[in-house]
Amino acid sequence: MPAPSSSSAPLYPIQAGLPQPMHFRGLTLGRLDQFEGGAYKNIRDVLYRQREDGKEWVGLEVWSSPGREKTPFSTAIKQKFRPAHKGQEFGPSWTHHWFRVTLRLPPQWLEEDYERIQLEWDPSCEAMIFDTEGLSLQAITGGFGGDRRVDFILDKKGRKGTYKFYIEVSCNGMFGNGNPEVNDPPNNSRMFRLASADLVVPNMEAWRLLWDFRTIRDLARELPENSPLGNKCLEVGNSIMNTFKWDEEESVAKCRKLAEKVFGQGWEELGHKIYKGDPADAATWGIGNCHIDTAWLWPFSATRQKSARSWSTQLDLMDRYPEHRFVASQAQQYYWLEQDYPLLFNKIKGRIESGEFQTIGGTWVEMDTNMPSGEALCRQFLYGQRYYKSRFGKYTRTFWLPDSFGYSSQLPQLCRLAGCDFFFTQKLSWSQFNSPVHTSFKWVGQDGSQVATHMTPVNTYTAQASVTDVRNSINNHKSLQSGAATGLLAFGNGDGGGGPLAPMLENLRRCRAVAEQSPGEIPKVTMGQSVEGFFEDILKKTEGGKTLPSWNGELYLELHRGTATSHGSIKKGNRKSEILLREIEYVATLASVWGPTKDKYTFPKDKLDPLWHGVLLNQFHDVLPGSAIGMVYEDAEKIYAETAHKGGALLEEALKALLPDSFPITDVNSFGDDLIAVNTTGFARREIVKIPLAGARALADAAIQISHDGAAYVLFENEGAEPLVAATSMAQLDEKKIAPARARAVGEDFVLSNAQLKVTINKKGRIISIVDTELNRELIEAGHSAGFVIFEDRPLNWDAWDVDLFHLETKAEVNATSVKVVEDGPLRASIVASFHVGHSHVKATISLDSVAPVAKADALSLIRFDTEVKWYEKHRFLKWEVPLQISSEVATYENQFGFCQRPTTRNTTWERAKFEVVGHKYADLSEFGYGVALLNDSKYGYACEGNVLRLSLLRASTVPDADQDQGFHTFSFAVLPHRGSFAESDVPVAGWLFNQPQHIRRLPRARLTVAKSIPHPFKLNGTRNIILDTIKRGEDDHFAPKSKQGQTVILRLYEAFGGHGHAKISTPLAVESATICDILERDLEDVTVLQSLAKGETTSSFRVDLRGFQVLTLKLHLSSSSGKKGDQWVEV
């Protein structure tokens, strides 16, 4: 190559000019912040061209709904409105005010062809804009937070005329009426001010420059110092700072031209087409969402409005941004929208059909998944999915639950049985000590079922679509080795609603433009897709999920552990309501299909569904956990009271149909010579029942013992697990030679005893000894005692939610001020202990029965605590604990349809984090040959630390409900010793029986024989680990008596111990055919039905096999004629 000639120009100047120093990074980043912030003139001063608020342009009138009443649109607009004005105050909290707004544009504005004219409406709170026909147009969020949305764009076509709107202003902020920084209880006297009611002309080019600059500034700040793109953004941003002049309009265009160095020339003309290409090539999938807590710092009534406000706004964004896709879960909120805002509902329905608005979730609400029963979780899916199918023509395939406080290990199975192939969450990113291991993975449940799961690496469901959020979708990803190198960016304001804002969509367009211009520097974003498409893309990239990592068992959240105990009355309402609804369905199903009654009784489906809806609503993940404001619990308690009242009436109606002339034992006007117990559990059982003494006097010798409070104890023994059984008489008891239970004072101690157990309670009301007298085995650890304990409960954060590990260091024993014997057998022996705790009082009746509750040959009696508490503590935690002479590295806790085991050791940070856990009706600590269980009737919080088993009873937080748990409580729990390990025990059965007492009826003796002839509706024979949980009618049945349409009965069974098992189910009902179905009651496979005839009676039977913890649903098609032959017919 020839050398350059001496006459050619140099490549660069030979003589050095002025020094060209590098910019100081930190200083320059600080300067960039001044583009829209700080004390100097900046872009904020040129965002609007015109502003008018005069009465000639903005006419305001107002009418206020009375009290806290929520007045419908059609009623509100007929009221007498009065003049209103900008700056006007209104309130107080939770009230509603309707404004009639009339707008006229100034004539000089009409001479300009402004790109946009809008109404700026800032009532300092939430509001909704309606057209004159009542269609919800857009939400308003007042104030100056990040969720501010006060601009309503006026239709260009109407500029020469008059605009007229109605605006409903609701006196609550996005996060209620407390301090959202600390979730304080609401200020119910808060007033609001109409801060703005202006016609404005925005300078749209200035707004676009602002959006440009934010993206450039954030890239400069977020990218590494050695990033070429980051340094380019720093320099371009600095150049824009040098070029922009707030008083020179042409500088805006110059600055926007500079911004193209980052975004690329002509990028903006592409609009939504910026997202061209195969979405599979993108690393970040953006999807708009709006998490709306169905209740939290606001009541249910406010949520009905929040849904309409948030969702209507998204329709406007879809018109302006064709790439925008929005997802919304919770069938309950759609149902409310359908009731309250039918015009908006129909409009959204059209967007669902087009795929722009996408239904997800699959459940009635985004529920807590730790505390609801297995059947309640099934109903969440059943009611949710059926609603979606009935209104929108399809089920959803994605179970969307980003904000619940941990996830039960039965969810993978229930998801798949409900048609949900995918699961999305993120809450575990909040865990206190250990971060989640995976991002995209196969979550394997306790039965072996798996569901494809994604925990967004953005670590939030309310992402702001910022540069940081886009980068985190890959930078925080923990499953990249699997090949699933994609992250879901769920963006939009949430918790209190709101959803995506236009600036979020603008920023994502710019991020995509940057990724195209500077490949590899930031993840490429794709829009316009679906959540299902995202999961399908993961499966394609991982060989159908083959290369995805797995996680087995529960997804335990290392936070918010106190929610297992907060608001004890709500926990009790949930448990009691779940059981009541099960009882109604059992009895009503039998009454509607059993020969003598089926033509006279109608299964009350239309009355049961609303009760289920209410119970499922209360299982929302900030209601059942006890983490909402007091107003929410006023509503929740009403729902439980209504369930008890209406449900009780439905149950009585069904029992009356099955047992004519019978009366509940509590009915003071009842008559009859005999008692009968209705057993809906399907288990053999023994139960001592307390009945009014007045009624017992007419019952021959059935009343065997008088209770200390003037009632009578009656024993019901049901060795054959029959549905109905008569009371055990004194003569029958003598024949059985059952040793009595005794209670006596021995020195300073008190002793409860029966044939197998001896329980010693000291004068402090603490159990110092439990001896299995037949085995001569002491169960209480030497030198220790069992009883009530109390802890200081002052978590670092999240008062109602959290209990921190250090609370265990503050334990103090609660000792009795008095102990006395009140009952000395023969059926029940009892003492009463009274305790004073601070300002509170605890009364515990401690009892030992002469008989065991279960029919297992070597079963032992319960040591039962019936407890009354007057609770007036603050930030204290009441528990009951028992230190056992039992050693095991795991304790067993009932969960939905089975159990899970958790460590009693504290070897690792994972184990140490599980110092407070959730269980249902029992927790058990067992070793080889022996174990002890704690049963309860309404509690969910447990712990097992080494050999100390503990039940959590009451908390007393003050935020967000200042009066949480204050007042009177009743609950029961029991200690159940058992011979053999947990797997050899009947602990699950005992838990069922403890929670589901029999229904005691009085009836004439002439009716007793007929009543006892009612057959067992579904009898199980086979391995003892199979439990029949639910009996109900099919969802698609015709329920009218004598209907010619086919009748179906649904049975839901589960395996309770974690091993394979089988059951042969026999029924006197004429079963024409049977299928295994999913929990949506869609058929999966046929089951062979065997018909047999013996002594003129037909029996249908069939066999099913279950794997460990499997939930199996059967659909039985009943024959309209009992003589019709099924699959196989055998005469015996």
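Helices α6 (residues 250-263) and α13 (residues 502-517) have axes that come within 8 Å and cross at roughly 60 degrees. The two helices are therefore oblique to each other; angles under 35 degrees count as roughly parallel, over 145 as roughly antiparallel, 65 to 115 as roughly perpendicular and the rest as oblique. Please keep in mind that this is a predicted model, where local features need pLDDT of at least 70 and side-chain atom pairs count only at pLDDT 80 or more, while totals for chains, interfaces and linings use all residues. Residues are numbered from 1 along each chain as its sequence is written, and side-chain values use heavy atoms, with hydrogens and water left out.

**The helix pair**

- On the α6 side, Arg-256, Lys-261, Val-262 and Phe-263 meet Arg-510, Ala-513, Val-514 and Gln-517 of α13 (contact means heavy atoms within 4.5 Å).
- These contact residues divide into 4 nonpolar, 1 polar and 3 charged; Ala, Val, Leu, Ile, Met, Phe, Trp, Tyr, Cys and Pro count as nonpolar, Asp, Glu, Lys and Arg as charged, and the others, Gly among them, as polar.
- Axes are lines fitted to C-alpha atoms, for helices over the stretch in contact, and angles run from 0 to 180 degrees between N-to-C directions.

- Strand β51 is joined by 7 bridges to the antiparallel strand β52 (residues 1047-1055), and Leu-1028 stands opposite Leu-1053 in β52.

**The six-strand sheet**

- Another open sheet, of 6 strands, has the order β3-β2-β5-β10-β7-β8 and antiparallel pairing.
- Its edge strands, β3 (82-83) and β8 (136-141), each pair on one side only.
- Between β7 (residues 126-130) and β10 (residues 162-170), which run antiparallel, there are 5 bridges; Glu-126 has Ser-170 as its bridge partner in β10.

**The whole protein**

- The secondary structure comes to 22 helices and 59 strands; helices (H or I, at least four residues) and strands (E, at least two) are DSSP runs, numbered from the N terminus.
- Of the 1132 residues, 62% count as buried, meaning under 20% relative accessible area with a 1.4 Å probe and protein chains only.

Technical notes:
Pairing = 2+ DSSP bridges. Buried < 20%, exposed > 50% of the residue type's maximum accessible area, 1.4 Å probe, protein only.
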